[in-house]
Amino acid sequence: MALALALGAVTTQAQKLPKPKAILKTMTKTNAYFMKMWPDPGKEIVTNIARPSNIWTRGVYYEGLMALYKTDKQKRYYDYAVEWGEKHKWGLRKGIETRNADDQCAGQTYIDLYQIDPKPERIHDIKASIDLMVTSDKIDDWWWIDALQMAMPVYAKLGVMYKDDKYFEKMYQIYNYSKTAHGGSGLYNPQDQLWWRDKDFVPPYKEPNGDDCYWSRGNGWVVAAMVRTLEILPKGAPHREEYEQMYMAMMKALPPLQREDGYWNVSLVDPTHFGGKELSGTALFVYGMTWGMNNGLLDKNAYKPIVVKAWNAMAKECVHPDGALGYVQGTGKEPKDGQPVSYDHMPDFQDYGLGCFLLAGSELYKLK
């Protein structure tokens with residue numbers, strides 16, 4: 001891997017972290033834009049086709065909203081999330097029998113809301129869906145790395161809530177198959193400590209500069225999966241050590257790849273392949289690194305300059321006056337998808353980028 005691509009965290013003057021009040025103001029502004037744009041959280045999302053608003057893109061937004069709610073307990077945030085669940089009858093796209101992690105992503109927020117107000121309907125469908133998977137012998141469902149973030153926290157939450165290791169064991173089996181078997185030998189490269197998005201990108205596939213294709217947001221999803229799972233699992237839980245080791249490995253791989261301007265490339269090791277600023281992957285890395293500092297896993301002297309530079313770049317250069325977010329790569333699975341990525345070009349979905357941004361900001365708000 002071309003580790004000399006970027007040493008921005010080392011070569012520039014240290015920047016200052018905004019005060020918590022300023023971080024919260026930025027998050028509030030961007031979220032207010034979205035809530036104004038979507039006054040009915042149950043409304044279909046129409047792009048090239050119409051999709052229900054409980055799909056993964058909206059599920060990721062609500063992950064961010066719940067993080068914002070924990071930071072700033074405004075009742076309107078809670079009510080907005082509850083209305084979303086109620087409009088969908090706390091159901092999953094494609095129903096209980098779905099095995100697709102994207103469909104199950106909404107369950108993260110459903111469970112969060114159940115834990116606040118334990119109404120049975122809030123958890124019924126997501127638990128039923130995961131229970132069907134737990135009792136199945138199939139373990140090859142997560143064939144793309146985004147799936148880890150969409151589903152792993154659900155298994156972790158259910159295992160803790162019901163004090164049942166079967167959820168932890170099934171989560172590990174599906175995760176480990178993704179890591180070691182999909183694509184022939186697994187989607188994780190232990191040498192570079194990064195993940196290929198799916199089988200289409202394992203070697204001999206190469207980027208134009210001859211390096212492997214490690215998609216920024218895809219690796220960001222894996223970082224978020226590790227963080228959100230570790231945050232839920234108690235010490236000593238089955239396989240917790242594996243997830244912590246994976247998290248720490250990725251935390252070593254990512255800092256040298258940060259650009260001078262604070263962002264990470266959409267293609268982590270090929271800045272010539274649709275190089276430019278991009279928010280979603282960058283925000284997920286900020287989220288992961290800041291969580292590590294907040295939880296004593298990462299050295300603040302080493303990682304704080306990295307996340308401060310990234311956050312300052314996003315807050316200054318991506319946030320429009322009305323609160324919209326620029327430089328968000330649209331949906332897809334590789335550097336060329338969702339292009340062009342620019343300040344004024346809005347992605348096909350505006351929700352998941354904001355979710356990633358709110359997750360990052362909510363962790364930074366807690367950083368001492």
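Which residues in α10 meet which residues in α11? The first view below takes that up. This is a predicted model, where local features need pLDDT of at least 70, side-chain atom pairs count only at pLDDT 80 or more, and totals for chains, interfaces and linings use all residues. Residues are numbered from 1 along each chain as its sequence is written, and side-chain values use heavy atoms, with hydrogens and water left out.

**View 1. Helix α10 meets helix α11.**
From the α10 side come Asn219, Val222, Val223, Met226, Val227, Thr229 and Leu230, and they meet Arg240, Tyr243, Glu244, Met246, Tyr247, Met250 and Met251 of α11. Contact here means heavy atoms within 4.5 Å. Sorted by class, this contact has 10 nonpolar, two polar and two charged residues.

**View 2. How α10 and α11 cross.**
Here are α10 (residues 216-232) and α11 (residues 240-253) again, with axes that come within 9 Å and cross at roughly 140°. An axis is a line fitted to C-alpha atoms, for helices over the stretch in contact, and angles run from 0 to 180 degrees between N-to-C directions. The two helices are therefore oblique to each other. (Under 35 degrees counts as roughly parallel, over 145 as roughly antiparallel, 65 to 115 as roughly perpendicular, and the rest as oblique.) The crossing is also left-handed, a label used if the near helix is turned anticlockwise from the far one by less than a right angle; clockwise would be right-handed.

His239 sits in the loop between α10 and α11, and it has a positive phi of about 70° although it is not a glycine. With a relative accessible area of 25%, His239 is partly exposed. (Buried means under 20% relative accessible area, exposed over 50%, and partly exposed in between, using a 1.4 Å probe and protein chains only.) Arg240 belongs to α11 and counts as buried, at 10% relative accessibility. Skip its neighbours within four places in sequence, and Arg240 is in contact with Leu230, Leu233, Pro234 and Lys235. Leaving out neighbours within four places in sequence, Glu242 touches Tyr172, Tyr175 and Lys179.

**View 3. Tyr69 in helix α3.**
Is Tyr69 buried or exposed? At 14% relative accessibility, Tyr69 counts as buried. You'll find Tyr69 in helix α3 (residues 56-71). Apart from neighbours within four places in sequence, Tyr69 is in contact with Gln74, Tyr77, Tyr78 and Ile116. As for α3 itself, 14 of its 16 residues are buried, so it is largely enclosed by the rest of the structure. Its end C-alpha atoms are 23 Å apart, which agrees with the 22 Å that its 16 residues should span at 1.5 Å a residue. (The expected span is 1.5 Å times one less than the number of residues.)

Take α12 (residues 279-294): from first C-alpha to last, its 16 residues reach 22 Å, close to the 22 Å expected at 1.5 Å a residue. Most of α12 is covered, with 15 of its 16 residues buried. Next comes Gly296, which follows α12 and has a positive phi near 75°. Now for α14 (residues 351-366): its end C-alpha atoms are 23 Å apart, in agreement with the 22 Å its 16 residues should span at 1.5 Å a residue. Helix α14 is mostly covered as well, with 14 of its 16 residues buried.

Trp90 lies in the loop between α4 (75-87) and α5 (101-104). Trp90 isn't a glycine, yet its phi is positive, about 55°. At 5% relative accessibility, Trp90 counts as buried. Over in the loop between β4 (194-195) and α10 you'll find Pro204, joined to Pro203 by a cis peptide bond with omega about 20°. Pro340 is in the loop between α13 (300-317) and α14, and the peptide bond from Gln339 to Pro340 is cis, with omega near 0°.

Technical notes: Helix = DSSP H or I, 4+ residues; strand = E, 2+ residues; numbered from the N terminus. Nonpolar A, V, L, I, M, F, W, Y, C, P; charged D, E, K, R; others polar.
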